[in-house]
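Have a look at it before reading on.

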Amino acid sequence: MKPTVAPYPLARMRRARQSPAIRGLARENSLGVEDLIWPVFVRDGAGVEEPVPSMPGVMRRSVDRVVEAAAEARDLGIPAICLFPYTDPALKTEDCAEAWNPENLSNRATRAIKAQVPGIAVMTDVALDPYNINGHDGFVENGEIVNDRTVAALVKQALSQAEAGADIIGPSDMMDGRIGALRRALEDAGHQNVMLLSYAAKYASAFYGPFRDAVGASGRLVGDKKTYQMDPANSDEALRLIERDLSEGADMVMVKPGMPYLDICRRVKDTFGVPTFAYQVSGEYAMIQAAAQNGWIDGEKAMLESLMAFKRAGCNGILTYFAPAVARLLKTG
Ligand code: PBG
């Protein structure tokens, strides 16, 4: 359908922009607290909140503090929280066994939240990088990130997360075949209701830098992630990956990073019409915060505008470190 525009002055497009009330009526998209998933970093200890220097306003929290944060998020109406562990360097090994330890940080935090803040959905991350001595998302053999052996480990990791009570499992590793393997394993273990939100179109991006600081992976990464994460030059490949993951049993899909890849979000939504999420990643967050701290942009306005852009691009929801700040703002107006 082609939009019809009468000739000037019959049509004056500015009529629809004349006041807040009229703009509200004409607005095509909206941003709500129900669109938000809040990623949080978990560390060991008790009563600890430790700032992440490259992500102003973001903390690594001990499990008790994560529970408090989850309660606050629930009270603000945020539907889901996503856990990322900052693992003790002594527990990072070549075999990544901590990844499926029922008592690892992520699983302890999941159990604590489910017990004390039942109203909020818990999302967990499936990938080996927080536990891997060399910072990669998969096992490394002779310098190669191996696929199938990694998938078997991811299955163990995901099952331990489902046992702990995770509602949504987010495989962020980009190995081939993992969605099908995870879905079958979850069914076999009786976890029919556990959702898979696949990081299906995840690009090898420089915008993950601050996240790697936050989870303690920065100094460790040997080489880069280009043999498993996508080439930023590609777009058709994203559609093939999404189609593949849906056919293997993904319930929802994600594009990552967010803002530089809004064209991918739109293509995915238009092509498949499935629940589509974008991850406004650490580097995107850091850029907005850094510019705001320098007084170069209005941080609040830039935050809201950046998040609205995801809705306009067709996303159902956004993973964003801004979640509590934006929720508070939406509440108070
Ligand atoms: C790793 C993972 C990464 C992020 C989420 N899960 C980083 C990476 O792939 O190196 C990045 C999130 C962010 O930058 O905010 N499995």
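What follows covers the nonpolar core and then the salt bridges.

This is a predicted model, where local features need pLDDT of at least 70, side-chain atom pairs count only at pLDDT 80 or more, and totals for chains, interfaces and linings use all residues. Residues are numbered from 1 along each chain as its sequence is written, and side-chain values use heavy atoms, with hydrogens and water left out.

Let's start inside. The largest nonpolar core holds 108 residues; such a core is a set of buried Ala, Val, Leu, Ile, Met, Phe, Trp, Tyr and Cys residues joined through side-chain atoms within 4.5 Å. Helix H2 (residues 63-76) gives the largest share of this core, 7 residues; helices here are DSSP runs of H or I, at least four residues, numbered from the N terminus. Phe41 is among the residues with the most contacts inside the core. Its contacts (heavy atoms within 4.5 Å), not counting residues up to four places away in sequence, include Met55, Phe84, Phe211 and Tyr321.

Now for the charges. A search of the whole structure turns up 23 salt bridges, each a side-chain nitrogen of Lys or Arg within 4 Å of a carboxyl oxygen of Asp or Glu. Here are some of them.

| Salt bridge | Closest N and O atoms |
|---|---|
| Asp75 and Arg74 | 3.1 Å |
| Asp245 and Arg244 | 2.7 Å |

Asp245 is buried, with a relative accessible area of 0%, while Glu248 is partly exposed at 23%. Buried means under 20% relative accessible area, exposed over 50%, and partly exposed in between (1.4 Å probe, protein chains only). Through shared partners, salt bridges join Asp173, Asp176, Arg178, Arg244, Asp245 and Glu248 into one network.

Note on methods:
Helix = DSSP H or I, 4+ residues; strand = E, 2+ residues; numbered from the N terminus.
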